[in-house]
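Hi,

Here is the structure I promised to pass on. Have a look at it first, and my notes on what turned up follow below.

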Protein chains: 2
Amino acid sequence: MVGVATQENGLLYRSVSSKPRPYDAGGDGGKGLSHVCLERLSYVPVLPDCLRGRHELEEGDARECVGGHEVICSLFPRLSNAHGGHSPLKMVNLHPAAAPGPDSEGGEQRPLRLGVVLSGGQAPGGHNVIIGLHDYLQRWHPGSTLVGFLAGPRGVMQNNYKILQAEELDGYRNQGGFHMIGSGRDAIAKPEQLAAAEKTCLAHDLDGMIVIGGDDSNTNAAIMAEHFLKQDLKTNVIGVPKTIDGDLKNTDVNISFGFDTACKVYSEMIGNIMIDAMSAKKYYHFIRLMGRAASHVTLECALQTHPQLALICEEVAAHRWGLKDVTRQIADMIAQRAELGKNFGVVLIPEGLVEFMHDVSTLIAELNEMLAKGINPADQSDVIAHLTPESADLFSNLTPGIRSELLEERDPHGNVQVSHIQTEKLLIKLVGLELARRKASGTYRGKFAALAHFFGYEGRCSLPSNFDATYCNALGQAAGALVASGRTGLMATVSNLQQPANKWTVGGTPLLSMMHLERRSGRDKPVIKKALVEMGGAPMASYTSMRAIWAIQDWCRSPGPIQFRGPSADMASITLALETNEGQPCLLQSSPEDDC
Amino acid sequence: MVGVATQENGLLYRSVSSKPRPYDAGGDGGKGLSHVCLERLSYVPVLPDCLRGRHELEEGDARECVGGHEVICSLFPRLSNAHGGHSPLKMVNLHPAAAPGPDSEGGEQRPLRLGVVLSGGQAPGGHNVIIGLHDYLQRWHPGSTLVGFLAGPRGVMQNNYKILQAEELDGYRNQGGFHMIGSGRDAIAKPEQLAAAEKTCLAHDLDGMIVIGGDDSNTNAAIMAEHFLKQDLKTNVIGVPKTIDGDLKNTDVNISFGFDTACKVYSEMIGNIMIDAMSAKKYYHFIRLMGRAASHVTLECALQTHPQLALICEEVAAHRWGLKDVTRQIADMIAQRAELGKNFGVVLIPEGLVEFMHDVSTLIAELNEMLAKGINPADQSDVIAHLTPESADLFSNLTPGIRSELLEERDPHGNVQVSHIQTEKLLIKLVGLELARRKASGTYRGKFAALAHFFGYEGRCSLPSNFDATYCNALGQAAGALVASGRTGLMATVSNLQQPANKWTVGGTPLLSMMHLERRSGRDKPVIKKALVEMGGAPMASYTSMRAIWAIQDWCRSPGPIQFRGPSADMASITLALETNEGQPCLLQSSPEDDC
C-alpha cells in the first residue's frame, strides 16, 4: 500500500479520503471493509529505532529454565547446547549496526524463504505480525518469499498454504481477525506430526518457520526447533507471544499481544453495563470474562471499570475458597449495598473460576474419571452414587442446568468444557438462595434481580488498538530479524514497552528458558510456564487497595470504545502501566510536553 | 464548562490536556471518568442555525391523527382544539427572528421554571437532551431554573427531585447513561397519578415539563398535557423522542435518539464475532438483539455487518411464519453453506421474534390466560392438558429450559417476559434437531456447532456517538424553545437530518397527530403508533437485495468501535441514510469538498 503520508496526532497516516462513501449493500466494493476498517488500513505503526536501519544481534545473559533445568536440557539436547555457532540459552538483542543491512539494496543478502502459521485462538493484531514479518523480509531482500500456512498447524503438516504477497497483505493492515490464513488448535509435537512438518519445510526450502501462538504453541515450537536441528534441517523456528489471556508473560515478554485490545473491548461493554446498572438501579449484572487459567483479563477489566466485585482465580486458589465461600462473598457485598439502599451493581467472573474452587474442581475431576469409566450421565442418581460424599452433596445442590452442563458438555477427550459452564448463572442462582435465607432470618432486606453476560468471542477479532497494532508489527519484524540472523528456538520479544515505541528494545529469548516441568496426564512435561496473577503484584495490589470502596461506592468507570485518534488512543493497558511503569500510562509516543 | 476552543475535524473542542494522566485506582479524582469520557466532556455539538440566535415559531400544516381522529379528538378535547391562542394539531417550526430573543441579555424575557424527567429504558444521549435544555434556558434567562425529577415519572408524582445546575451538568456533557437523575418505568396516566403530578408542578411553579421517553411515555405526556389544560395549570408538557428500538419515527421524527449509538455498539460486537467466525471456521453464532416490537435494530445491524441471516419480525408476521418455518430457513442456509464447505456464520435474531411467530404467540397468549386462571405452572402435564392441540404439540416439542422460561418468568402483570426468553438458544436447539434429521436422510453433510449471544444492556448507556450527542443537544434546545413559546402537547422534533447539522430544522409536532387507536386489554386505547419496519422501505429493500449473497458469501463487514474523531466519526446510521438521503451518508457537517 503506497500513499501520501500525513501527520496526525504525531503519527503517520497514509493518505485516505476524508469523504465517507455512500452505503453500498454490495459490501463497499464487494469486500465489506467498513469505514473505520478502511481508515485503519492507512495507519502506520511506529517502528522501534533498532529495527529501522541496519542492525546486528548481540548475545545477552545466559538463562536457566524456569524450573527443571537439567531435565529440560536433557530433553532438548541440541537447543540447550551450542548450535550453529550460537551459545545456548542466551537471549539476543538487536542493536544498530554500521555494516550493510536490510535497508540496503539487497547487496550480499540472499532472498529468504519463510513460513508463518497462526496457532490457537484469535487475538487482535495477528495480521500485523505477519505484515511486519513481510515488510522486514522485503527490506531484507525483495526476492524473499513468505508462505502462509492455512487453518493453523494442520496447514503445516498437510502443506496447505498460500504465498503471501504485498497486494493481499495490504488489505489486512491493522485489521482484526485471523481470517487471512486462518488458525487452528492442532499440535505439532508427536514424531509423525514433526515428520510431516519437516517434509513441508523441505518442500518449500524454508529458512524459517514463525509460530504465532500461546504458551502451548510456543512449547511445540521448541519441540519443532529441536527436531529440525536433529534432522539437520536449515529451517529455524521462532515463536511469537500471542494470547488475549495475558498469561504468556515473563522478564522479556512484558505482555502477549491481543491482551490490550481484548481487555479494552470487554471493558467498553462492562463500563456500558455498569452505567446502565447505575441508571436503572434494579439489576446486578454477573459478567463472565475469558481467561481460563489466569485472571489477568478480569483484573485488567476491574482496574478499567471499578466493579462492585471481581473474582480473581489465583486468590480463590490461594485461600482454598469453595463455592460456598465465593457465594457468601458476593452475598455479603450485595447485603452491604442493600443497607445503603443500593440493589444494583456488577460482578466480574473469570471463565476459569469453576476449576479454581477446590470443591468444584474436585467434583469435575471425579465426574471426568467416572464418565471415562462409562457411567451413564443420563442416570443422575447413579452419577451421585459414584461421587465422594462431599462432591455428591455439592452436585445435588447445583441447578439442573449446571448439572446438565457438567455431564453433557464434554470435549473430544471426554473432559468437561469449562468455557461452556455458565458460572455466572450458577452464582446468580446460589447467591439468590443465600440472600433468600438471609431475608428469612432478617439479615437482608434488599431486592435481588440479576442478569448474566459472557464476553469472550467479542474481543478476539476486533480491530487492534494502536498499541497492539504497533506491538504486533514490531514483533513480526523482530521475528524476521531473528530468522535472518540464523537463530532458532527463540521467542521474538519486544520489551521496554513503558518507553515510547521508537525506544522499544527488540530481541529473542530462548523458548527453553521459559519452560518448567508440569504434571500432565500423570507425567512431567516440559512446558512454557503460564504467568498467573501475582498476589503481591502491582495490579492486584491496586485492586485490593480499592475494592472495599468500589464495593459500596459507585465509582464506575466507563472506558468507552477504543479510539484510534486523540489523546487517549495511544495508551496501553493499566496492567502494563502498573507492571512496567509505576502506574504511569504506557504511551506509543512521548507526549508533546515531553518533547519540549 | 468553559475553556479555550480548538478546531478539529471541523468541529469545536473545548480545550483538554493532551497528556493522559497516570492511572488512579481511586477513580481519577474519585469520580471515575475514563480518559475517553473526559475527552468527550469537551466535545461541542453543532447547533442548528435556527437555534443559534433569536428565533420565532411559525405554525405549519394542520395534522390529523394517524388513525381514529374523531375518537382521539373527543378524548383530548383541549389539545385537539384551539388552546392558549394556538391552533390545534398544527406543527410548528422555528425560524430566525429579528425581535429580541434568547441570545439577548434577558430583556423582557422572564426566568422560566422547567421540570425534566427521563422515562423508560436508557438510551445514549439522554444527558445531552437535559444539557441542551439547560443551555437554552440559560440563554433565555440566566435566572431560569431546571428541576430534574429522580428515578423517572415516580419522581414527578412523589416530588423527588434535584435542581440541575451548570456545575453538575458540565460533568455529564456527551456522556452515556441516565444516572444523573435516573429513570423509571412508572406511568402518569390515571387520575390519581395525574393529580400527584399536578401537585408537584404547582409546588415548583413550573412553566413546563419535559418528558424524555418512548412511544408510551409520550402518549402519557399527551394525557398529562390534556389534564393540565383542563386544570388550567400553566405547566406546558413537551415530549422528546427516545428509544434505542427506533420505532418512534414518523414524518417529522426521522429517528428517535439512542438508536444510532446502540446499533453502532451492537454492530461493533457483531462485526467482531463475524470476523471470529470467519477465522475459526467452526461455529455458528446466534445473536439476539434488543427490539421487541420492531426489528429496526436488527435490520440496521444487518446492513452494518452483512450476516448470513437476519430475521425480521415484520417479515415473519407478514408471511405468518411459525417456529418451524423459521427453523427451516436457518437450516436451509446452513445446509447451503455446508455444501460450500462452510460450517460457520452469524444469525441475527430480534428479541421480539417469539411474539411474531404465529404459533408461538398463540401459545404464549394461551399460557398467559391459563396462568391468570390459576393453573399451576409446575404441573406441566396439567398445563399441556389446558392448551389447544396445536399449542400443546408446540409446547411439548420445546426444550425444558424454554418451557420453564415460558412458565416461570412472568412480569408483575402475569405476562411472559419476552426479553427473558432465550430465543437464540431455542433456535439453536431446533435447528440442531432439524440438521440431524437432514443428516440422517443424507441431505446435509456439514458440522453444526453453535454459540448464543444476547446484546442489549451493552448499548443503552454507551457514550453517545457524535450524531446522537448532536441530535440530543438540539432536541433539548428545541424542547426549551417550545416551552418558552408557551406551547404544550407537542413533541420536540429536529428534522432534515440528511443535511449537515447546522441546517437541521427544529420544531414541534402535536403528540395527538402521532396517535391511533390500539386494542389493549380489550379496549381501544389512543396511543402513539409504533413505526415498524416497512417491507417496502429502503432499508428492507437494501437487505433483501443482498441477503441471498450474504448467506453464502463471506462479505462480513466489521464496523469497528465508535470513533469520535476522524473521517467516519460524523456518520449517522445506514437506516437514516437510506430513509432520508437515498443511501448517501448523513453527516453532521458538509465535507471539505462540499465547502469548496
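In chain B of this predicted model, strand β5 (residues 90–96) runs antiparallel to strand β16 (residues 505–510), and two bridges join them.

Chain B has another sheet to look at. This one is open as well, with four strands in the order β12-β13-β11-β14 (chain B) and parallel pairing. Its edge strands, β12 (309–310) and β14 (450–455) of chain B, each pair on one side only. Strand β11 (residues 284–289) of chain B pairs with β14(B) in the parallel sense over six bridges, and Arg288(B) is the residue opposite Phe454(B) in β14(B).

Two helices to check against this sheet:
- Helix α12 (residues 323–339) of chain B packs on the sheet and touches β11, β12 and β13 (345–350) of chain B, with its direction at about 150 degrees to that of β11(B).
- Helix α18 (residues 423–440) of chain B lies across β11, β13 and β14 of chain B and runs at about 160 degrees to β14(B).

Now for the helix pairs. Within chain B, the axes of helix α7 (residues 191–204) and helix α8 (residues 215–230) come within 10 Å and cross at roughly 65 degrees. α7(B) and α8(B) are therefore roughly perpendicular to each other, and their crossing is right-handed. On the α7(B) side the contact is made by Leu194(B), Ala195(B), Ala197(B), Glu198(B) and Cys201(B), and on the α8(B) side by Ile223(B), Met224(B), His227(B) and Phe228(B). By class, that contact has seven nonpolar residues, one polar and one charged.

How do α10(B) and α21(B) sit, and what do they meet with? The axes of helix α10 (residues 296–305) of chain B and helix α21 (residues 538–552) of chain B come within 10 Å and cross at roughly 50 degrees. That makes α10(B) and α21(B) oblique to each other, and the crossing is left-handed. Leu299(B), Ala302(B) and Leu303(B) of α10(B) meet Pro539(B), Met540(B), Ser542(B), Tyr543(B) and Trp550(B) of α21(B). The contact of α10(B) with α21(B) divides into seven nonpolar residues, one polar and no charged.

The last pair is between chains. Helix α9 (residues 259–280) of chain A and helix α9 (residues 259–280) of chain B pack at an angle of about 145 degrees, and their axes are 12 Å apart. The crossing of α9(A) and α9(B) is left-handed. Val265(A), Glu268(A), Met269(A) and Asn272(A) in α9(A) meet Val265(B), Glu268(B), Met269(B) and Asn272(B) in α9(B). By class there are four nonpolar, two polar and two charged residues in the contact of α9(A) with α9(B).

One item from the records for chain A: an unreviewed UniProt entry lists residues 113–366 as "domain: Phosphofructokinase". In the model, residues 113–366 of chain A are 48% helix and 16% strand, and the end C-alpha atoms of the stretch are 50 Å apart.

Cheers

Terms used: Residues numbered from 1 in each chain as written. Chains lettered and ligands numbered in written order. Predicted model: local features only at pLDDT ≥ 70, side-chain atom pairs only at ≥ 80, totals over all residues. Heavy atoms only, no water. Axes fitted to C-alpha atoms, helices over the stretch in contact; angles between N-to-C directions. Parallel < 35°, antiparallel > 145°, perpendicular 65-115°, else oblique. Left-handed = near helix turned anticlockwise from the far one by under 90°. Contact = heavy atoms within 4.5 Å. Nonpolar A, V, L, I, M, F, W, Y, C, P; charged D, E, K, R; others polar. Pairing = 2+ DSSP bridges. UniProt positions renumbered as here; feature names shortened; annotations may be inferred.
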